Amino acid sequence: MMKNPPAGSTATSPAPPSALPRVCVAVVVAGLAVSAWAPHDRTTWLLEVVWVLIGLPLAVLTRRRFPLSGLLCCLLAAHALVLALGGHYTYAQVPLGEWVQDGLGLSRNPYDRFGHLMQGFVPAILVRELLVRTSPLRGSRWLAPLTVCACLAFSALFEMFEWVAAVIGGHAADAFLATQGDVWDTQWDMFCALIGATVSLLLLSGWHDRQLNR
């Protein structure tokens, strides 16, 4: 026989799990499947989406022990789709970037720049969530600068990854590098990541905190 709760108390039950993470996983899997269908270059596709192929199973396997906030799930899914699109066409030949290039009269396809902005914008919230939930930095004035530093470190690691690919693959890695003849491409890539991380923290930190406080 079920007993009534004591006077002055409120009966509560665990909140049902959100469907958002499952939706994000389904969207990413579908995006990967579409991008893997007859890509411009199979090796370039693999190099571009390898982070998704590693990160998606990791997020699924740790979902019970370390569930991600809804904001972070959506951002990671969006970033995965950006990588999948770039991997399918190569960053220098993404049609969306070509439309922008023609419309604005640019000298190069800007999709690569957008990809590196995302490389700072999304990891900033990922790093912030990890630091807030696993370190004493919650509420610290050091949280934002250390988050940006971590994003720049990842950007530098990615540039070294591109360098290794160029050394091993030679001209075959040109599509992956997407330098488009710019000798300052590496510096621009890291600068874009810096801008992306900074803008992400300025725009999303309050929203992120509200989700984490739930």
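How many residues has helix α5 (residues 111–134), and what distance does α5 reach from its first C-alpha to its last? The legends below take up this helix and its surroundings.

All views show a predicted model: local features need pLDDT of at least 70, side-chain atom pairs count only at pLDDT 80 or more, and totals for chains, interfaces and linings use all residues. Residues are numbered from 1 along each chain as its sequence is written, and side-chain values use heavy atoms, with hydrogens and water left out.

**View 1. The whole chain is built from helices.**
The protein chain holds 8 helices and 0 strands. Helices (H or I, at least four residues) and strands (E, at least two) are DSSP runs, numbered from the N terminus. Along the sequence the pattern reads α-α-α-α-α-α-α-α. Of the 214 residues, 37% count as buried. Buried means under 20% relative accessible area, exposed over 50%, and partly exposed in between (1.4 Å probe, protein chains only). Among contacts with a separation of 6 or more, 73% join residues 24 or more positions apart. Contact means heavy atoms within 4.5 Å.

Helix α5 has 24 residues and reaches 34 Å from first C-alpha to last. That is close to the 34 Å expected at 1.5 Å a residue. The expected span is 1.5 Å times one less than the number of residues. In α5, 17 of the 24 residues are buried.

**View 2. Helices α2 and α3 pack together.**
Helix α2 (residues 42–61) and helix α3 (residues 70–89) pack at about 170 degrees, with axes 8 Å apart. That makes α2 roughly antiparallel to α3. Axes are lines fitted to C-alpha atoms, for helices over the stretch in contact, and angles run from 0 to 180 degrees between N-to-C directions. Angles over 145 degrees count as roughly antiparallel. From α2, W45, E48, V49 and V52 meet A80, L83, A84, G87 and H88 of α3. By class, this contact has 6 nonpolar, 2 polar and 1 charged residues. Ala, Val, Leu, Ile, Met, Phe, Trp, Tyr, Cys and Pro count as nonpolar, Asp, Glu, Lys and Arg as charged, and the others, Gly among them, as polar.

**View 3. The largest nonpolar core has 24 residues.**
A nonpolar core is a set of buried Ala, Val, Leu, Ile, Met, Phe, Trp, Tyr and Cys residues joined through side-chain atoms within 4.5 Å. V28, L32, V52, L75, I125 and L204 have the most contacts inside this core. Helices α1 (20–35), α2, α3 and α5 each supply at least two of its residues. The largest share, 9 residues, comes from α3. Apart from this core lies another of 5 residues, among them A124, V148, C151 and L201.

E129 is buried at 1% relative accessible area. Beyond four places in sequence, E129 touches P67, L68, S69, L72, H208 and L212. L212 is buried too, at 18%. Contacts of L212 beyond four places include R133 and R138.

**View 4. Q119 is a buried residue of α5.**
Its relative accessibility is 6%. Leaving aside neighbours within four places, Q119 contacts H79, F154, S155, F158 and A193.

Note on methods. Parallel < 35°, antiparallel > 145°, perpendicular 65-115°, else oblique.
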